[in-house]
Amino acid sequence: MNAAGLGEARSAANAGAVGHLPLDVVTHGEGPPLVLLHGFGASRFTFRLWVDELAQTHSVHLVDLFGHGTAPPPQDQRYGPLEQADAVTHWIRAADLRQTVLIGHSLGGGVALLVALNLIQRSEIDRVAALVSVAGPAYSQAMPTYISLARIPALGRTLLRLVGVERVVRNVLEHVVFDRSTITGAQIAGYADPLRRPTGRSALIQTARQIVPPGLDELATHFPSLDLPVLLLWGRHDPVIPLWVGERMERELPRARLVVLERCGHLPPEEVPAESLSAVRTVLDTTDTRTRQRTLSP
């Protein structure tokens, strides 16, 4: 299926697996499982340029997190990374996924990191084979301006209403990418569409207000326990999650490898889709080989 049809690819099996959770999952392809998690204010739309190729060899599970994209809002209005990670962990267990590669961009990279920790702490390491964090947060850092503005409910809603959703999205994209000339009308529309709905705007504001998990510094002390392959994929010119975050993670996680993409900002899957996907493929090839060997061993 072409990536343009993402919204129509939801399977009955996935809908049932999600059950009561405020997530929405669309699956493409068959094979070893990949779970892809998007960033702040985004949706699975972020991964549209990767999906077709990944689905040739893997089952690609594209998750819309609470209130984002086509996912409903949580009844308790808790949008924090810990709550998102708990829901994704629950879904992986309900779907009985094994040897999963978790791939997260931006906020989704932080959520993927927490999901991996959840599974390890549950002694279910067999459910996760590797982690790919694409410019994902991990440590205390300065808050990007657009998130700081969104944290103020009245201001966030006023900007979206008076300035207009498309203009706000364009301004954010211009801030986060390396080359502004690559921004397209279709890209703006893809990010703007969910924000036209009240639930989408509410999710944006509530996520911004809850985006830093409590006890982050203490939580970071557990990251070195992630003894699994970790790819850290960063744009050299990322103004949102600075490169030092990836460099520190490479030092502290026992099996982490940092790949830095030149002439790229905060959106590697869109700014340099072929180059970023090639780096992900390297991890998948290694993980798939290791999984096959484990399956064939007596």
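**View 1. His 266 is buried, with a relative accessible area of 3%.** Buried means under 20% relative accessible area, with a 1.4 Å probe and protein chains only. The model is predicted: local features need pLDDT of at least 70 and side-chain atom pairs pLDDT 80 or more, while totals for chains, interfaces and linings use all residues. Residues are numbered from 1 along each chain as its sequence is written, and side-chain values use heavy atoms, without hydrogens and water. His 266 sits in the loop that runs between β7 (256–261) and α12 (268–271); helices (H or I, at least four residues) and strands (E, at least two) are DSSP runs numbered from the N terminus.

**View 2. The side chain of His 266 has polar contacts with the side chains of Ser 106 and Asp 238.** The distance is 2.8 Å to Ser 106 and 2.8 Å to Asp 238. A polar contact is a pair of N or O atoms within 3.5 Å; within protein, one must be able to donate a hydrogen and the other to accept it, and residues adjacent in sequence count only if both atoms are side-chain atoms. Leaving out residues up to four places away in sequence, His 266 also touches others, including His 105, Val 176 and Glu 271 (heavy atoms within 4.5 Å).

**View 3. Helix α11 (residues 243–252) has buried residues Leu 243, Val 245, Gly 246 and Met 249.** They lie on the same side of α11, because they cover an arc of only 155° around the axis, taken from the directions from the helix axis to the C-beta atoms. These buried residues pack against α4 (107–121), β6 (230–235) and β7.

Methods:
Buried < 20%, exposed > 50% of the residue type's maximum accessible area, 1.4 Å probe, protein only.
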